[in-house]
Amino acid sequence: MATIKIKGISACPGVVSGKVFIFAQPEIKINEKQIATSQIEQEYKLFDEGRTKAQEQLEKIKEITLKNIGAEEAEIFDGHIEILLDEGMEEEVKTLIKDELYSADKATQTVAEQYIEMFSTMEDTYMRERAADMKDIFRRLVSNILGIHIPQLSEIEEASVVIAFDLTPSDTAQMDRTKVLGFVTAEGGATSHVAIMSRTLVIPAIVGAREILDHVQNGQEIILDGSEGDIIINPSADDKKFYDTKLTEYKKELERLATLKNLPAVTKDGVHIELCANVGTDIDAKPALDQGAKGVGLYRSEFLYMDRSNWPSEEEQTNAYANVVRAFDEDLVIIRTLDIGGDKVLDYFAFPHELNPFLGWRALRVCLDKVDIFKTQLRSILRASAFGKVGIMYPMVISLEEVQKSNDILEECKKELLAEGIAFDPNIQCGVMIETPAAAMIANELADIVDFFSYGTNDLTQYTLAVDRGNPHIVSLYDSLHPSVLRLMAQATAAATTKGVWVGVCGELGGNPLATLFLMGIGVTELSMSAISIPKIKEIVRATTIPEAKEIAQKVLSLGTGTEIKKFLTESLEKVLNR
Ligand code: PEP
Ligand code: MG
């Protein structure tokens, strides 16, 4: 078979080879034609058999969930099975088959639509949220009646390389790390959430490989070079040899960097830079500590809200946060409040249809409208602060009022806990993400009401440049080293530093070796990143001085294009590392 080579965007470094597993949602086509009276019994049978298969699948998913996540989440599938086996539902479907001469799939689909409509218009929020469960259950049932298989990431049996058009954060969260060797998506950019997740999970990955699905078949042999974005389908013997060597070199470099693990991140002139990890769940704490993280600069709390069918309780959230806080002992753990919307949706929460979701109802905007949900989270974060050093961070800020309102709600939560005799740290630090040009431009005023800033450079880049971070068609325009992004950061950092507010970076630029000298030079004192990037960044910190970094930053700020900036930073970095 001929070898095919495709280029995508590097998401997580590393070389892997394995068999292709295509993860795609099949199209479901309903049989609209009326059936003959003689077929009624046959359609009943199709319904019964489809239902039995769906039940077996749900039993299996329940078992996997019990093993991987926990009993509470597994119980949700008991509820799904109960709905599937509901006699009232069966009767409605069979009546449509008999009286209207509908095919089994059409009858089931019709009943499904009625159930979904009924649930989504209910008064009670809990019941309304069950509409998402109904969609899931009936989609499974209808596809089984039609004999269509719906692939699940959790059902991969042999360790494979996953190929998909796109993966949601919740798909990636479901991945069994022992079975998914690597993955490729047709959509996405280097800072889209699927790419960030691959780095957090340390799964070699390539995104934005637009033609990938035109060229792969299940079971084919494939090699990914995550560092370069190279994909090789049906590799030749020479390709295999070349990538074997590359993998060996990559492992050697990792071993060399691992020797830095216990050394401090201190510049040659004795200035300490905090190198922290970005985490998505409490499971990520250990790998982060293994790479030498000295705290968490960004706990993406929204992952706790995904892959489930209801809001996490105060108790559950407190436990998840406290697990990370305890793991990091005396080091600061910054928990970002819920950042949903954009590409991060929840199955059980109905978002309005939006033409521009990234400019829409997301993050702090949702929290300030849904105060109950916000308060549950703030109370949990406060409670977790009793176990160590915690910071709270608000995402997607554009105004002082938003921060003031959030701080008022936080004060209310503190008062409640105090009255209830529940412990928390009264001096908990509170900061904002600077991820909109609006926030950067009011840094002077924001600095009066917060303890720290952290640049969300992924969003700051997309909003400054008006370039969608996940759109592979305009990937060449997406540039976090564009002069406008760097100048906004330099201005806002100067404003914050004057007021004694410390400044960090938690977007992907924080783990980009090309940016380290510039960021240190403008006064950033904390860099938070995917754990795998920490050793390399530490090597750079230890090789320079602050005056040298300042000089580099000054020069960068005088350059007018991203290309010039990258060239200059590449040369500066080489000089610093090779002297
Ligand atoms: C960012 O925007 O840079 C950031 C860190 O937040 P997220 O990537 O989760 O949007
Ligand atoms: Mg962001």
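Me: Which strands make up the closed barrel, and how are they paired?
Reply: This is a predicted model. Its closed barrel has eight strands, running β9-β10-β11-β12-β13-β14-β15-β16. The pairing is parallel.

Me: How far are neighbouring strands turned against each other there?
Reply: By 25° on average, with direction ignored.

Me: Zoom in on β14. How many bridges join β14 to β15?
Reply: Four. Strand β14 covers residues 452–455 and strand β15 covers residues 502–505. They run parallel.

Me: Which residue stands opposite Ser454 in β15?
Reply: Gly504. Also in β15, Trp502 is the bridge partner of Phe452.

Me: And towards β13, how many bridges are there?
Reply: Four again join β13 to β14, and these strands run parallel. Met433 has Ser454 as its bridge partner in β14.

Me: Which way do the β14 side chains point?
Reply: Phe452 and Ser454 point one way, Phe453 and Tyr455 the other. All of them are buried.

Me: OK, metal next. What coordinates the magnesium ion, ligand 2?
Reply: Glu435 through OE and Asp459 through OD. The distances are 2.1 to 2.2 Å.

Me: Where do Glu435 and Asp459 sit along the chain?
Reply: Glu435 is in the loop between β13 (429–434) and α15 (437–441). Asp459 is in helix α17, residues 457–465. The pair therefore ties together parts that are 24 residues apart in sequence.

Me: Is Glu435 buried or exposed?
Reply: Buried, because its relative accessible area is 2% and the cut-off for buried is under 20%. Asp459 is buried too, with 3%.

Me: How do β4 and β5 pair?
Reply: In the parallel sense, over five bridges. Strand β4 is residues 160–164 and strand β5 is residues 180–185. Ala164 stands opposite Thr185 in β5.

Me: What does the domain assignment give?
Reply: Three entries for the protein chain: domain 1 (4–22 + 152–255), domain 2 (37–145) and domain 3 (269–578).

Me: How far apart are the centres of domain 1 and domain 2?
Reply: 34 Å, taken over C-alpha atoms.

Me: Aromatics now. How many pairs does a search of the whole structure find?
Reply: 11 aromatic pairs. One of them is Tyr115 with Phe138: ring centres 5.7 Å apart, planes at 70°, so edge-to-face.

Me: Which helices hold Tyr115 and Phe138?
Reply: Tyr115 is in helix α4 (residues 104–120) and Phe138 in helix α5 (residues 125–145). Tyr115 and Phe138 are both buried.

Me: What about Phe349 and Phe351, what is their geometry?
Reply: Their ring centres are 5.1 Å apart and the planes are at 80°, so that pair is edge-to-face. Phe349 is buried, with a relative accessible area of 12%.

Me: Which residues belong to the cluster linked by ring pairs?
Reply: Tyr305, Trp311, Tyr348, Phe349, Phe351 and Trp361.

Me: Where is Asp347?
Reply: In the loop between β11 (333–336) and α12 (364–369).

Me: Buried or exposed, for Asp347?
Reply: Exposed, because its relative accessibility is 53% and the cut-off for exposed is over 50%.

Me: What separates the C-alpha atoms of Asp347 and Arg308?
Reply: 7.5 Å. Asp347 and Arg308 are 39 residues apart along the chain.

Me: Last topic, charges over rings. Where does the charged end of Arg326 sit?
Reply: Over the ring of Phe387, 4.6 Å from its centre.

Me: And where does Lys94 lie?
Reply: Over the face of Tyr44, at 5.3 Å from the ring centre.

Technical notes:
Residues are numbered from 1 along each chain as its sequence is written. Chains are lettered from A and ligands numbered from 1 in the order in which they are written. Side-chain values use heavy atoms; hydrogens and water are left out. Rings of Phe, Tyr and Trp (its six-membered ring) pair if their centres lie within 6.5 Å; planes under 30 degrees apart count as stacked, over 60 as edge-to-face and the rest as tilted. Helices (H or I, at least four residues) and strands (E, at least two) are DSSP runs, numbered from the N terminus. Buried means under 20% relative accessible area, exposed over 50%, partly exposed in between (1.4 Å probe, protein chains only). A charge sits over a ring if NZ of Lys or CZ of Arg is within 6 Å of the ring centre and within 35 degrees of the ring normal. Donors are N, O and S atoms within 2.8 Å of the metal (3.2 Å for Na, K and Ca); water is not among the atoms, so sites may look incomplete. Domain bounds come from an automatic or database domain assignment. Two strands pair if DSSP finds at least two bridges between them. Axes are lines fitted to C-alpha atoms, for helices over the stretch in contact, and angles run from 0 to 180 degrees between N-to-C directions.
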